[in-house]
Amino acid sequence: MIRIIDHEGNGYGAQAEITRRKGVNGEKSLTGVIYTNEEVLHGVDRGWKLEFENEMYAFTFAHPKDTGNRIELDFDAVHEFFYDMSKSAQNGLLNDGSHTFRTYLDFIFGGTRYNY
């Protein structure tokens, strides 16, 4: 059983088959199929989150399919850090090579809930 959270923070339980992937850059992602819970099967949207092994992942793809007997939902999800940071855009730091590494990290993580 996994826990799925919608945009308003409401939680739903669902049964799913999940495969974990790890990218070369450290990105964690999931693929799988959700089998139960009508609210999830018919309502899931990009940005909804799911909790898997005490970590949060954001849906990036969800496609319902009719198997003839029931509706199933194929999905892809990425770890919430990568989802959140992909939506974060920064402008303003000059790329003149005169900054310290810490300055760049402060710039990248500034305004986010993450730190390094």
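**View 1. Strands β1 and β5 in the predicted model.** β1 and β5 run antiparallel and are joined by three bridges. Arg 3 has Glu 51 as its bridge partner in β5. β1 covers residues 2–5, and β5 covers residues 49–52.

**View 2. The hairpin of β1 and β2.** Five residues lie between the two strands of this hairpin. Within the turn, Gly 9 has a positive phi of about 95°. Four bridges hold the antiparallel pair β1 and β2 together. Arg 3, whose bridge partner in β5 is Glu 51, also has a bridge partner in β2, namely Gly 13.

**View 3. Strands β5 and β6.** β5 pairs with β6, which spans residues 55–66, in the antiparallel sense. The pairing comprises four bridges. One of the bridge partners shown is Glu 55 in β6, which faces Phe 52 as its partner in the bridge.

View 4. In general, the strands of a sheet pair through backbone hydrogen bonds, in either a parallel or an antiparallel manner.

Methods. Residues numbered from 1 in each chain as written. Predicted model: local features only at pLDDT ≥ 70, side-chain atom pairs only at ≥ 80, totals over all residues. Heavy atoms only, no water. Pairing = 2+ DSSP bridges.
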